[in-house]
Amino acid sequence: GALLVNERIDREELCGALSPCSLSFEIVVENPLELYSGTVEIQDINDNDPVFPSSQARLEISESVAAGARFPLESAQDPDVGINSLQTYQLSANPNFALDVQTRVDGSKYAELVLEKELDREEQRELNLVLTALDGGSPPRSAHVQIHIDVVDANDNAPVFNQSTYKASVRENTPSGTLVARISAYDLDDGPNGDIVYSFSSHTPAKVRELFALDSATGELRVKGQLDYEETKLYEIYLQAKDKGAVPGVAHCKVLVEVVDVNDNAPEVTVTSVYSPVPEDAAPGTVVALLSVTDLDSHDNGQVNLKHILVQVSDVNDNAPKSSQDSYDVYVLENNTPGIPILNVSATDPDLGRNAHLSYTLLQGDPTLGHLFSINRENGTLYLLTSLDHEDQVEFSMMVQVQDGGFPPLATNVSVSVFVTDLNDNAPTVLYPHPNTTSTSTDVVAPGTPAGHMVTKVVAVDADAGYNAWISYTLLQATDPSLFSVGLHNGEIFTARQLREDDAPEHTLVILLKDHGEPVLSTSATVSISVAEIVKEVLTDLTDVAPANDPRRHVTFYLILAVILVSAAFFITMLSVGIFKCYKWRQSKELYNSSRSTTYRTPGPFHHIDAVRGGFTPPNFYHQVYLTTDSRQSDLLCKKPFTSSPLGSRQGTIRNGEPGLYHQIVGTASRLTTPAE
């Protein structure tokens, strides 16, 4: 902790005339971190001699000058300060002059010759004096100048200033050429003896002559150099007025110029220590910076408000990735092209750098998903690697993990559901009559059968879903087109008119089956009908052709069983609804009776049926139901609930607006004549 002198110290070079001379420093102590300020005062030694501007001075003094006249002498300069600076002057012994030592405002000394005895040019034309300047050192240092005085003839009127002291103030940033003061003197003499010339007094310091300029004719004192309040606050300028007589008369005055401070020095901020960047999880009270501020200006201009310090905050991995939505529903048409992108999983992380670098991984709970789907690790694009079949599987569920690159890493899981929507890629399949049997199935109708009698029915299915599975039946070809008709939506074959005896005994009908897909797919079924008086004979003939095990018997059995089950389910459903409605009516009546005096009532159990009727169904849950008219079968199409997805989740859908996941229920029931049909 010792403070050492690093090189030779020259007080005059460091501080000039400023006293005391001090150097400031700051010491930083660590553990704990503390700051100490110190000041070293440089003490002066008497190592400089006083110096006069010149080794000889010449004065011209008229013999008419009265005793008591004063003549300023050139001042000596001593860069030392205090007691070591210039302290006094001494004049060699002579009968006419005495020496008067004066002190300026700043404490410096200057000497004036005082005429004690009037001069007589006829007695002595010139005088040679020696002026000695002494400092206060021990031993004192000195300097000498020769003063040569010429005694000239009388110019009995000297110039006179209208005031002995002038005062002015000027701002330190005043530009060169600005008027500071105007001095004025007069001389009662005529001619050259009355013409006045203004000039600086001989003991005016050179620094003043560099900063100010004096017009010799007008007496205007103007700024010449750059003033600095921080260097000198007050200038004491000595001026003289001299006439142009043979022996010029001289008058002296003093101008006090006060320098006004302006805010021309910016505060200096010394930052000793800065802890940057600061982790965002730094504890309160952590030292960020150690600094000091100084301003060379004075008063209000020297009052300093801290300026800002830029402290960078380093990131900590404290934020997990966040997806724009928790789940995605993607709809893809079957028979898609392999390798297409179907979804872009979007996620953000407010951290920076590696902490915000996201990677996407497909969590494979089902091993088969890895063969069907793939995700881009960098941008989260989900690709479909193979062609999907709606009839094979209609829904795939998977989990995508979004993980950042921090340490330790943070992750978020996003669920993705892929629904395979149906295309019309399956033509209707005829179940009855069976198209692949070698023998022909023949249906029998008795002669005279009235119109509207159902003879048989074409049964078919379509592996597709929704509209693509709706089948329409039309009579494409018939032995007698006027005899039979086919139901458009149910495939039932009826007699169009009453059978006559002259009608052909054998009829072959070709039924065209078409679905409602785009494009339309179709197939045909051939139905044989015999007209016979005795059914047994026809059946006997048919037994020769029909196989022993006729599959129609099983089909008919299943159809009858389906009709019975559907009818029973319908009856049970209607009975349950009636009981439930009665129960609800009684419950609401009891609640009403028990809460007549109550302002608010407590709602009962929330049922989905009431929610649908009351409009309380959540907006993201609905079903689409498609029913046909004039049909004995209905297709119930239910779309799965799904949440509204942003644009990003729907970009992967092959065709927007396609129905979602459909379940088809195809059954045969007895015809119900209701308004709903």
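Biologist: What volume does the largest cavity have?

Modeller: The largest cavity has a volume of about 30 Å³. Keep in mind that this is a predicted model.

Biologist: How many cavities of 30 Å³ or more does a search of the whole structure find?

Modeller: The search finds one cavity of 30 Å³ or more.

Biologist: Which residues line the largest cavity?

Modeller: Its lining is made of Ala57, Leu73, Glu74, Leu131, Val145 and Ile147. By class, that lining has five nonpolar residues, no polar ones and one charged.

Biologist: How does anyone find empty space like that?

Modeller: Rolling a probe the size of a water molecule over the atoms shows where empty space is left.

Biologist: Which elements give two or more residues to the lining of the largest pocket?

Modeller: Strand E5 (86-91), helix H2 (206-211) and strand E17 (234-243) do.

Biologist: And how do the residues of that lining divide?

Modeller: The lining of the largest pocket has 13 nonpolar, 13 polar and eleven charged residues.

Biologist: Switching to charges. How many salt bridges does the count come to?

Modeller: The count comes to 13 salt bridges. Side chains of opposite charge can pair when their charged atoms come close.

Biologist: Which residue does arginine 58 meet in a salt bridge?

Modeller: Arginine 58 meets aspartate 150, at 2.7 Å from N to O. The pair links distant parts of the chain. Arginine 58 sits in strand E3 (residues 56-62) and aspartate 150 in strand E9 (residues 142-152), 92 residues apart.

Biologist: Is arginine 58 buried or exposed?

Modeller: Arginine 58 is exposed, because its relative accessible area is 53% and the exposed class starts over 50%. Aspartate 150 is buried, at 17%.

Biologist: Which residues does the network of salt bridges link?

Modeller: The network links Arg11, Glu12 and Asp44. Within it, the side chains of glutamate 12 and arginine 11 meet at 3.5 Å, N to O.

Biologist: Why is arginine 11 classed as buried?

Modeller: Arginine 11 is buried because its relative accessible area is 4%, and buried means under 20%. Glutamate 12 is buried too, with 15%.

Biologist: What about aspartate 502? Which residue does it form a salt bridge with?

Modeller: Aspartate 502 forms a salt bridge with arginine 500, and the closest N and O atoms are 3.4 Å apart. Aspartate 502 counts as exposed at 60% relative accessibility. Arginine 500 is partly exposed, at 45%.

Biologist: On to the surface. Which residues form a nonpolar patch there?

Modeller: Val5, Ile9, Leu14 and Leu23 form it, with about 350 Å² of accessible area together.

Biologist: Where does valine 5 lie?

Modeller: Valine 5 lies in the segment before helix H1 (11-15). Valine 5 is exposed, with a relative accessible area of 64%.

Biologist: What is phi of asparagine 31 near?

Modeller: Phi of asparagine 31 is near 55°, a positive value. Asparagine 31 is in the loop between E1 and strand E2 (34-42). Asparagine 31 is exposed, at 77% relative accessible area.

Biologist: And phi of asparagine 335, what is that near?

Modeller: Phi of asparagine 335 is near 60°, again positive. Asparagine 335 is in the loop between strand E24 (327-333) and strand E25 (340-344). Asparagine 335 counts as partly exposed, at 41% relative accessibility.

Biologist: Last one. Where is alanine 282?

Modeller: Alanine 282 is in the loop between strand E20 (278-279) and strand E21 (289-294). Alanine 282 and valine 313 are 31 residues apart in sequence and 9.5 Å apart in space, C-alpha to C-alpha. Alanine 282 counts as partly exposed, at 30% relative accessibility.

Terms used. Residues numbered from 1 in each chain as written. Predicted model: local features only at pLDDT ≥ 70, side-chain atom pairs only at ≥ 80, totals over all residues. Heavy atoms only, no water. Patch = residues over 30% accessible without salt bridge, like charges linked within 9 Å, V, L, I, M, F, W, Y side chains within 5 Å. Areas by Shrake-Rupley, 256 points an atom, 1.4 Å probe, with all protein chains shown as cover. Salt bridge = Lys/Arg side-chain N within 4 Å of Asp/Glu carboxyl O. Helix = DSSP H or I, 4+ residues; strand = E, 2+ residues; numbered from the N terminus. Buried < 20%, exposed > 50% of the residue type's maximum accessible area, 1.4 Å probe, protein only. Nonpolar A, V, L, I, M, F, W, Y, C, P; charged D, E, K, R; others polar. 1 Å grid on protein atoms, 1.4 Å probe; cavity = no way out; pocket = protein on both sides within 12 Å on 5 of 7 lines; lining within 4 Å. Points joined across faces, edges and corners; volume = space filled by probe spheres on them.
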